[in-house]
Structure formats: structure tokens, C-alpha cells
Amino acid sequence: MPDLDPATTALLTVECQNGVVGERSALPQLAAAARDSGMLERVAALADAARGAGVQVVHAVAERRPDGLGANTNARLFRAAGKLPVRQLSGSAAVEVAAPVVVAEQDLVVRRLHGLSPMAGTDLDALLRNLGIRTLVVTGVSSNIAIPNTVFDAVNLGYRVVVPADAIAGVPASCTAEVIRNSLALVATITTSEALLARWTARAS
């Protein structure tokens, strides 16, 4: 695993928001996978440990305007999302980061109105570069779409990427293991939450 120097490392949570993984999720199967696997608790623990070690925490949230302006309509996924009973509307509870993950005062929150990845069409890349970040630890959902897109975009932009395999989730659950084995492991360092927690806790002590 890379050195994970706190000065050049950031922890990114992807779509860990009420409308995606919360109790009133628009995607109940994905929310159940995130809860039942313990993923959300591990992400919360990683965020706490990262802050203690001096690692920047960034939360990436997907949302849309009530009028839908600027949102994608060029794929089945986007069209279906617009018809769901819970919509990820800007300013609503659905786009707040879900418990037990906490947004601390020093955290950054990056919001996107379009696309499949927080690295595309947002300020995320510029913010990370301004902070001197070279390594990105990616957590959250879903291993089906947003996580692979985030990892590939980050690698294409020159970041080293670390993925704790037990801090991402997708549906079905078996999909996550297959995506990690056949795709993410080819471009990112795969580790566990336990290994990261041990490293960051040691730095904080």
C-alpha cells in the first residue's frame, strides 16, 4: 500500500447520502446492501480516523435541481432516477450525508448536478490539487457505477487510488467482489478498512 502521507492523501466518500443509502433511499436494495454489510459504519470510522491523522475528508454528493436543468437524460439510469419517488433534490434531506457518517467542520462537500463521477464536471480535482493531494482513498457507493467511474477518472488525472474493499457496496453484493477483482484491482491498491484504521490510528497516537 502507498505511504499515505496525510499531507498528500484525502479520503473521499461517494454518494453516502440519505437519498441513496439512508432509511428513505430512492434505491432500497442499495441502501440495504450498504447497511447490512456494515459499509456505512466502516466509512464513518475511516472518516473519523482520517481526521485524527490529519487526512483531508471530502464528501461527494449527487443531486439535481427541482426543474432538472443540466441533468443528464442520455442513459436509462438517468431517466429512471427522474421518476423515482425519492429524488436527490438540491437543498433537501435526500442530499445530506447519511448517518453514521459525519460531516465535520474541516471536511469539504462537493456536489454534482450531472454525470456518473464526482471527478467529472465539479471542483473536486482543482480542490484536491490546491491541497497538494496525490493519493485518493475512495469509499461509498455504488460499486456498480459511481465507484468505478470515480477510480478510473482519478487514475486518468494522475492520482494514486486506494480502495478499501469493505468500504464500498453495490447490488447484488457479489457484484462488488467481481468489480474489485476484475477491474479496480488493475488500477488501484485494494486494501481493507482495518488496515487503514490501524495506519491512521497509529499516526494519531
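**Close-up views of a predicted model**

**The cysteines C16 and C175.** The cysteine sulfur closest to that of C16 belongs to C175, and at 16 Å it is too far away for a bond. This model is predicted. Seen from C175, the closest cysteine sulfur is that of C16, again 16 Å away and too far for a bond. A disulfide needs two cysteine sulfur atoms within 2.5 Å, and the structure holds zero disulfides. C16 counts as buried because its relative accessibility is 3%. C175 is also buried, with a relative accessible area of 18%, a value that falls under the 20% limit for buried residues.

Seven of the seven residues of β4 are buried, so the strand is mostly covered. T135, V137, T139 and V141 point one way from β4. L136, V138 and G140 point the other way, and the residues of both sets are buried.

**The strands that pair with β4.** β1 and β4 run parallel and are paired over six bridges. In this view T9 stands opposite T135 of β4. β4 is also joined to β5 by three bridges, again in the parallel sense. Here V137 is the residue that stands opposite V162 in β5.

**The surroundings of T139.** T139 lies in strand β4. With a relative accessibility of 0%, T139 counts as buried. Neighbours within four places in sequence are left aside in the list of its contacts. T139 is then in contact with L11, L12, T13 and V14, with V43 and L46, and with I147, P164, A167 and I168.

**The largest nonpolar core.** This core has 30 residues. Those with the most contacts inside the core are L11, V21, M39, L40, V137, V141 and W200. Two or more residues come from each of α1 (18-21), α2 (28-36), α3 (39-52), β2 (56-62), β4 and α8 (193-204). The largest share is that of α3, which gives eight residues to the core.

**W200 and the second core.** Not counting residues up to four places away in sequence, W200 touches L4, L11, L46, A49, A50, A53, V55 and V137. Apart from the core that holds W200, there is a second, separate core of 25 residues. Among the residues of this second core are A10, A146, L184 and A188.

**Helix α6 and what it packs against.** Helix α6 spans residues 146-156, and its buried residues are A146, I147, P148, T150, V151 and A154. In an α-helix there are 3.6 residues a turn, so residues three or four places apart point the same way. The buried residues of α6 pack against the strands β1 (9-14), β4 (135-141), β5 (160-164) and β6 (168-169). They also pack against helix α7 (173-187). After α6 comes G158, which has a positive phi, near 100 degrees.

**R134 and the ring of Y159.** The charged end of R134 sits over the ring of Y159. Its distance from the centre of that ring is 5.8 Å.

How values were computed. Residues numbered from 1 in each chain as written. Predicted model: local features only at pLDDT ≥ 70, side-chain atom pairs only at ≥ 80, totals over all residues. Heavy atoms only, no water. Buried < 20%, exposed > 50% of the residue type's maximum accessible area, 1.4 Å probe, protein only. Helix = DSSP H or I, 4+ residues; strand = E, 2+ residues; numbered from the N terminus. Contact = heavy atoms within 4.5 Å. Lys NZ or Arg CZ within 6 Å of the ring centre and 35° of its normal. Core = buried A, V, L, I, M, F, W, Y, C linked by side-chain atoms within 4.5 Å. Pairing = 2+ DSSP bridges.
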